[in-house]
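Here is a short tour for anyone who likes to have the model open while reading. Please bring it up on your screen and follow along.

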Amino acid sequence: ADMRVVYGRSRVLLAPSFWWESGARVLVEAMLNGIQAIVSRRGGNVEMIQDAGIVIDFPEECYEKPYNKFPKPALLATLKSIYSQSVWFSRQARRLRRQHRL
């Protein structure tokens with residue numbers, strides 16, 4: 001019932017989309033809990049996170065049938081960057097909590 005417990009263990013929300021969709025509710029929940037989101041530039045996720053996340057451009061081959069390609073190197077580099085910059089991460093989390101306070 002209280003998602004703060006779940007999100008309290010998270011530092012990053014990985015929410016790539018390979019389809020044109022309106023956006024994921026989980027992004028709003030993450031922002032409310034000060035969690036950085038990583039999304040792909042497809043669908044409404046980019047508009048939902050605005051400046052509260054990181055947008056990754058996946059290669060076009062990720063969007064072609066049979067949809068079994070995933071850009072692991074770019075994604076891993078982004079995750080390592082977030083985790084290695086603990087000061088930046090802490091500031092970003094505080095900013096998100098202030099900005100999206102209910």
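The report below goes through the model part by part.

## About the model

This is a predicted model, in which local features need pLDDT of at least 70, side-chain atom pairs count only at pLDDT 80 or more, and totals for chains, interfaces and linings use all residues. Residues are numbered from 1 along each chain as its sequence is written, and side-chain values use heavy atoms, with hydrogens and water left out.

Helices (H or I, at least four residues) and strands (E, at least two) are DSSP runs, numbered from the N terminus. Buried means under 20% relative accessible area, exposed over 50%, and partly exposed in between (1.4 Å probe, protein chains only).

## The nonpolar cores

A nonpolar core here is a set of buried Ala, Val, Leu, Ile, Met, Phe, Trp, Tyr and Cys residues joined through side-chain atoms within 4.5 Å. The largest one has 11 residues, including Tyr7, Leu13, Ala15, Leu27, Ile35, Val39 and Ile49. At least two residues of this core come from each of strand E1 (12-15), helix H2 (25-32), strand E2 (36-40) and helix H3 (45-49). Another core, of 8 residues, lies apart from it, and Ile56, Phe58, Tyr63 and Leu75 are among its members. In soluble globular proteins, nonpolar side chains tend to be buried together.

## Strands around E2

Look next at E2, where 5 of its 5 residues are buried. Gln36, Ile38 and Ser40 are on one side, with Ala37 and Val39 on the other, and both faces are covered. In a regular strand the side chains alternate between the two faces of the sheet.

Strands count as paired if DSSP finds at least two bridges between them. E1 and E2 pair in the parallel sense over 4 bridges, and Val39 in E2 is the bridge partner of Ala15. E2 also runs parallel to strand E3 (residues 53-56), joined by 4 bridges, with Ala37 opposite Gly53 in E3. Together, E1, H2 and E2 make a right-handed β-α-β unit (with the strands pointing away from the viewer, the path from the first strand over the helix to the second runs clockwise).

Ser17 lies in the loop between E1 and H2. Is Ser17 buried or exposed? Ser17 counts as buried because its relative accessibility is 3%. Leaving aside neighbours within four places in sequence, Ser17 is in contact (heavy atoms within 4.5 Å) with Ser40, Arg42, Asn45 and Tyr63.

Within H2, the residues Leu27, Glu29, Ala30 and Met31 are buried. The C-alpha atoms of Leu32 and Ala93 are 9.8 Å apart in space, although the two are 61 residues apart in sequence. After H2 comes Gly34, with a positive phi near 70°.

Helix H4 (residues 72-84) has 13 residues and reaches 18 Å from its first C-alpha to its last, close to the 18 Å expected at 1.5 Å a residue (1.5 Å times one less than the number of residues). Its buried residues are Leu75, Thr78 and Ile82. Seen down the axis of H4, these fall within an arc of 65°, so they line one face of the helix; the arc is that of the directions from the helix axis to the C-beta atoms. The face of H4 turned away from its buried side carries the exposed residues Lys72, Pro73, Lys80 and Ser84.
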